[in-house]
Amino acid sequence: MTTLTKSPRAGSPTWLKMLRQRPPKDYVHPYLGGFLLGLVLFAAFFLTGNGLGASGGLNRYLVYVEDMFFPEHVDRTPYLLKMAGGDKDPLDDWVVMVVAGAMLGGFTAGWWNGRLKIETNKGPQISVRTRWLMAFIGGAFMGYGARMARGCTSGLALSGGAVLSTGAWAFMFAVFGGAYMLAYFVRKLWQ
Amino acid sequence: MNFPLPELQATSAANPWSYLVFIVIGFAFGYVLEIAGFGNSKKLAAQFYFTELTVLKVMFGAIVTAMVLIFIMVGLGVLDYGQVYVNTTYFGPMVLGGLIMGVGFIIGGFCPGTSLVGLVTGKLDALFFVLGVMVGIFAFGETEWLFDIWWQTSGYMGRFTLMDWLGLPTGVIVTAVVLMALFMFWGAEQLERMFGKRDLAREPKLRLAGAASLVVAALSVIVIGAPSNAAKYAQIAPVKDAALANREVQIEPAELFHTMYDDALQLILLDVRSEADFNLFHLKGAHQVDPAEVISLAPELIAHAAPNRIVVVMSNDEQAATAAWKVLAAEAIPNIYILEGGVNNWLTVFGQDDPAIQAAATPTPDDLGFAFPAALGDRYTSAAPSLIRYEHLTYTPKIVLQIQRDKTGGGCG
């Protein structure tokens with residue numbers, strides 16, 4: 001995992017301390033953030049015809065590892081076969097590059113704006129361990145749902161929404177709908 | 001220049017810099033997500049308790065910004081919408097998958113893209129979330145076979161845009177989406193005022209100017225309209241005219257004959273001759289299309305594009321077929337070919353099966369060069385020649401399947 005090398009710890013070497021020396025800044029205004037994200041999305045479509053993506057890239061990293069240990073199993077599973085069957089390289093795909101770039105970009109932004117910090121964001125009523133467990137469970141739902149829907153918030157809602165795919169808009173409302181329906185019942189997690 | 005750039009539609013070792021372009025795009029993506037606050041799960045979850053609707057503002061802000069820019073470029077004929085990947089619609093899996101993701105979002109506090117940004121900025125909850133995503137993705141790959149048919153077919157509509165759904169012009173849809181987003185922004189601000197005690201008087205006035213420019217940009221999409229088919233062809237003319245002149249897309253009757261019997265390929269035969277000629281004789285499985293109507297087939301051909309689909313257009317000779325080919329090429333239909341020498345050439349090769357069909361003079365080049373005893377259509381033997389009899393016909397193969405973009409392998413977008 002790339003993160004292990006990037007996690008500054010107490011008593012860490014000076015170069016890690018330097019990463020955290022920059023004064024923390026506020027996040028940009030949401031509308032400015034949206035405008036900038038829109039420019040990035042437009043550039044992606046304009047230059048490459050593809051939008052952005054995240055879960056597809058994670059999928060391919062995972063299939064790469066699976067293919068390393070169980071190539072026969074990958075060759076027998078139709079869903080995996082398409083990405084890594086035979087001598088196909090699951091990492092030879094644009095979305096893999098986008099995900100790698102996104103991690104670099106996120107890290108750079110966090111460093112430049114003084115927001116690199118080991119922490120756990122959670123609601124005041126739950127313990128750090130509960131938050132970790134919930135993050136893990138939520139992540140599993142997200143991963144499963146994203147592959148079922150053939151895209152996540154980035155690759156389907158954002159990208160498909162901008163090019164006016166009807167399925168992407170239906171998906172977007174389903175995501176918000178699912179979250180709002182459950183939000184009241186899990187409010188202790190966040191409030 | 002014709003956008004999107006063909007070299008960049010997929011990464012390839014032939015273009016090492018294509019990898020770099022996608023990394024740079026990803027870099028900008030991650031950078032913007034971080035500065036918008038999407039690395040922080042509390043900020044994301046606040047969306048669902050109405051205290052801070054950053055998620056909605058950033059997401060819809062990005063969608064409408066990208067959308068108006070994309071469709072202005074499409075309208076100006078700079079960007080080819082046919083080459084832009086529009087996520088294929090599968091209503092069943094998309095709605096159910098979306099609901100599952102909504103559950104994951106409110107429990108886990110991230111979505112896959114934002115969790116990566118959280119992870120690299122040291123958020124431990126993001127680390128556990130990413131591990132969970134990996135488990136979820138793994139579980140899907142291992143369980144997909146249980147409901148494969150549902151997943152592959154439920155609510156499948158192909159490339160199905162809001163314009164196709166509502167039957168309205170692009171500009172109208174773009175304007176409606178912008179107005180809807182602005183209404184949602186207004187509603188979001190009201191909710192933040194009520195639930196999040198946000199003082200709207202301190203919000204930047206610039207946002208009103210931004211909203212106005214969005215509306216103007218959306219209206220300009222209506223004014224610009226869609227580029228004509230001829231204008232689209234003019235953009236790609238140098239490449240396509242060369243392919244025509246080098247006879248790269250004119251396939252011999254023998255190649256078409258073998259393609260007809262190739263079960264691995266989906267063949268669509270478009271016969272652009274007059275109905276009278278079509279009724280006299282046509283190839284088995286051919287569809288008669290009036291040359292003026294060819295353009296109306298484009299949306300259907302784009303919506304149901306498949307990597308193994310081949311479209312062959314034919315006329316009596318090649319003239320009308322070439323014109324129809326150009327119309328389809330301008331609409332970016334992949335894998336389109338012309339029957340070399342048209343139906344006349346087909347009958348020259350296979351006509352010996354039907355002694356009743358006699359060669360006749362052709363007053364103009366694109367006329368039918370044969371006389372028929374009766375209008376039997378495809379009931380002549382030579383409309384579907386015997387595979388056994390012609391098994392060993394030789395030809396110069398020209399069909400090259402171009403896989404424009406195969407997203408089934410899990411590109412998230």
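**Entry 1: one residue in chain A**

In which helix of chain A is V128(A) found? I looked it up in this predicted model, and V128(A) belongs to helix α8, which covers residues 128-149.

Next I checked its neighbours. Leaving aside residues up to four places away in sequence, V128(A) touches T120(A) and K122(A).

**Entry 2: the build of chain B**

I then turned to chain B and went through its secondary structure, which comes to 16 helices and 9 strands. Its radius of gyration is 27 Å, while the globule rule gives 22 Å for 413 residues, so chain B is more spread out than a compact globule. I also noted the box filled by the C-alpha atoms of chain B: roughly 90 × 50 × 40 Å along the principal axes.

How do the contacts in chain B run along the sequence? I took those between residues at least 6 apart, and 72% of them join residues at least 24 apart.

**Entry 3: inside and surface of chain B**

What share of the 413 residues in chain B is buried? I found 54%.

For the surface, I wrote down that chain B exposes about 17,200 Å², and that carbon and sulfur atoms supply 65% of this area.

Chain B carries 36 negative side chains and 23 positive ones. I looked up the centres of these two sets too, and they lie 15 Å apart.

Methods: Residues numbered from 1 in each chain as written. Chains lettered and ligands numbered in written order. Predicted model: local features only at pLDDT ≥ 70, side-chain atom pairs only at ≥ 80, totals over all residues. Heavy atoms only, no water. Helix = DSSP H or I, 4+ residues; strand = E, 2+ residues; numbered from the N terminus. Rg over C-alpha atoms; globule rule 2.2 N^0.38 Å. Buried < 20%, exposed > 50% of the residue type's maximum accessible area, 1.4 Å probe, protein only. Contact = heavy atoms within 4.5 Å. Areas by Shrake-Rupley, 256 points an atom, 1.4 Å probe, with all protein chains shown as cover. Lys, Arg positive; Asp, Glu negative; His and termini not counted. Charge placed at Lys NZ, Arg CZ, Asp CG, Glu CD.
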